[in-house]
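Here's a quick briefing for anyone opening this structure for the first time. Have a look at it, then read on.

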Amino acid sequence: QVQLVESGGGLVQAGGSLRLSCAASGRIFSINAMGWYRQAPGKQRELVATITSGGPTKYVDSVKGRFTISRDNAKNTVSLQMNSLKPEDTAVYYCNAKLLTTAPLRLADYWGQGTQVTVSS
């Protein structure tokens, strides 16, 4: 069994900053990629940022230059530093990990429970 636990959401004014963190634990053999997705009311879940074990990152165009994803492979954690937040960034943010579990060894997607980010104008 694998758990992803998120922290760091909240309410912030436009132009402010928040930092999200996610820690993965359990029967983990290795983690290929970790990332953050978000879902706003009435919209589909979208990719925000991902980072592989080797370090390459990917961002949705709307957050480039404002958000930074980072990862600690030794601790199985991923963070998302969000600066210059805008009201349109308001959503539930979900941590995702694509990883190999132990016993049995299999590749699977895991999700956190979600954390609310609200940006007021």
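**A loop, a sheet and a buried tyrosine**

Ala-103 sits in the loop between S9 and S10, where strands are DSSP runs (E, at least two residues) numbered from the N terminus. Keep in mind that this is a predicted model: local features need pLDDT of at least 70, side-chain atom pairs count only at pLDDT 80 or more, and totals for chains, interfaces and linings use all residues. Residues are numbered from 1 along each chain as its sequence is written, and side-chain values use heavy atoms, with hydrogens and water left out.

**Loop residues**
- Ala-103 has a positive phi near 40°, though it isn't a glycine.
- At 56% relative accessibility, Ala-103 counts as exposed (over 50%; buried is under 20%, partly exposed in between, with a 1.4 Å probe and protein chains only).
- The peptide bond from Ala-103 to Pro-104 is cis, with omega near 5°.
- Ser-84, in the loop between S8 and S9, also isn't a glycine, yet its phi is positive at about 50°.
- Ser-84 is partly exposed, at 42% relative accessibility.

**The sheet**
- Four strands form an open sheet in the order S1-S3-S8-S7, with antiparallel pairing (a pair needs at least two DSSP bridges).
- Strands S1 (2-7) and S7 (67-72) are at the edges with a single partner each, so one side of each has no neighbour in the sheet.
- Six bridges join S7 to S8 (residues 77-82), and Ser-70 stands opposite Ser-79 in S8.

**Tyr-110**
- Tyr-110 lies in strand S10 (residues 106-111) and counts as buried at 18% relative accessibility.
- Beyond its neighbours within four places in sequence, Tyr-110 has contacts (heavy atoms within 4.5 Å) that include Val-2, Leu-4 and Cys-95.
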